Amino acid sequence: MAAKEELKLLGVDVSPFAIRAHMAVVIKGVSCEYVVEDLSNKSELLLSSNPVYKKVPVLIHNGKPICESLVIVQYVDEIFSGDGVPSILPTDPYERAIARFWAAYVDDKFFPVLRGIVLALTEQERVEKATETLAAIEPLEEAFAMCSKGKAFFSGDSIGYVDLALGSLLVWIEAIRRMYNIEIISASKTPRLSAWAERFGESAAAKEVLPEVDKAVQFGKMLEAAASAAAASK
Amino acid sequence: MASDELKLLGTWTSPFALRVQLALSFKGLSYENVEEDLKNKSELLLTNNPAHKKVPVLIHNGKPVSESQIIVQYIDEAFSGTGPTLLPTDPYERAIARFWAAYVDDKLLASWLQSFRGKREEEKAEGLKQTLVAVEHMEGAFKDCSKGKPFFGGDSVGYLDITVGCLISWAHAGEKLYGFKIFDADRSPLLNAWMERFGALDAAKKVLPDADKLVEYAKMRQAEAAASASNN
């Protein structure tokens with residue numbers, strides 16, 4: 001890093017998307033100012049840096065904003081690379097395509113139904129979403145075997161792209177277990193992911209970034225309340 | 001690169017399959033185009049995209065890649081020595097291109113589809129409203145990315161041109177079917193001009209489907225849907 005690099009990350013502790021971006025920066029070992037946003041009172045900086053979505057995370061690098069968690073992770077991976085710097089995406093084009101595929105799967109197929117468990121307005125809906133989530137995690141259990149090739153993480157020896165994509169949701173998966181007694185990852189049904197989740201949680205980057213599960217539980221209760229209020233006012 | 005075997009599983013009406021065809025065309029790569037029957041999906045499709053069972057799937061020397069944007073990036077990286085480079089070389093510009101590419105599918109395309117596929121009138125109206133918002137953002141994106149040049153990619157076609165370009169034939173078809181021009185000259189003059197410019201390129205003309213044929217196809221699908229609805 002020749003000149004002084006200024007990195008600022010706007011996020012909230014419980015957002016899986018902010019967690020991804022934050023962990024990427026930590027993995028790269030670069031210094032970054034972390035700004036916790038109040039989502040009910042978004043800062044001018046957030047609103048002007050992400051006018052399209054007005055959401056976290058936003059990475060601001062030397063004054064220039066980058067938005068969307070996976071775009072940020074790829075950007076951080078490309079900007080901070082070289083000897084001794086851990087890589088987040090593989091170098092081989094085919095392996096990169098596979099990593100991108102599974103990260104997209106997490107966001108397009110897994111996350112919406114997982115979130116649906118918290119936002120469900122009836123017990124029946126909650127059970128439906130839970131069933132869909134349990135179905136959605138199965139391909140990931142298989143993908144882990146294929147991607148990790150016997151190693152600790154989807155990426156191999158160290159945390160990589162898919163690990164960040166799915167690992168950033170572990171806090172919520174645990175929060176859902178505490179809130180509803182619904183187990184998305186378990187040693188009996190998804191043994192590989194269960195073991196991987198422990199290793200992910202034990203990593204230095206996770207320990208530095210992941211919030212306490214209770215914070216997610218509290219946030220979850222707020223989301224539940226907001227969802228029923230919105231439904232009631234229709 | 002003695003014998004690179006490229007096979008694309010797609011359908012001629014899918015803008016996502018078209019996106020891949022555009023990338024292959026602009027890169028100057030030859031491939032076998034396999035037309036899938038989505039009502040009777042081939043073993044090849046089902047085994048090569050078990051997670052989604054959708055087109056497009058690009059099979060390169062027997063190895064499958066799925067999801068159109070991922071396929072285009074793969075083509076750009078795996079064939080970096082062939083034809084133009086599609087993604088920008090600067091990391092920040094690359095991030096901006098990826099951001100807008102995601103926006104095209106998540107917002108622009110999603111709301112446009114809702115505007116004519118929505119089951120109730122309120123859904124369609126909301127879709128239209130969101131489409132207009134999305135077009136405004138894309139017009140701004142074009143201005144920022146092109147910096148006064150003819151394409152999102154600058155002087156020549158890049159990733160974002162291909163990402164948005166696959167919507168052109170359906171844009172023309174949509175205008176004929178519903179009277180709604182997504183990139184019309186008043187609302188989005190830059191995109192309107194870009195659409196004509198992109199569509200005139202040889203590499204695009206080679207693969208863009210005929211809008212009139214898409215109109216016929218859409219009418220046929222509407223008739224089928226109406227028939228099955230009245231049979232219920």
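**Notes on the chain A fold and a chain B annotation**

1. Walking along the sequence, chain A runs β-α-β-α-β-β-α-α-α-α-α-α-α-α. That comes to 10 helices and 4 strands, where helices (H or I, at least four residues) and strands (E, at least two) are DSSP runs, numbered from the N terminus.

2. Before going on: this is a predicted model, where local features need pLDDT of at least 70, side-chain atom pairs count only at pLDDT 80 or more, and totals for chains, interfaces and linings use all residues. Residues are numbered from 1 along each chain as its sequence is written, chains are lettered from A and ligands numbered from 1 in the order in which they are written, and side-chain values use heavy atoms, with hydrogens and water left out.

3. On overall size, the C-alpha trace of chain A spans about 55 × 45 × 30 Å along its principal axes.

4. How much of chain A is buried? Buried residues (under 20% relative accessible area, 1.4 Å probe, protein chains only) make up 50% of its 234 residues. As for contacts (heavy atoms within 4.5 Å), 68% of those in chain A with a separation of 6 or more join residues 24 or more positions apart.

5. Over in chain B, UniProt (an unreviewed entry) lists residues 90-221 as "domain: GST C-terminal"; UniProt positions are given in the numbering used here, feature names are shortened, and annotations may be inferred rather than shown by experiment. In the model, that stretch of chain B is 73% helix and 0% strand, with its end C-alpha atoms 44 Å apart.
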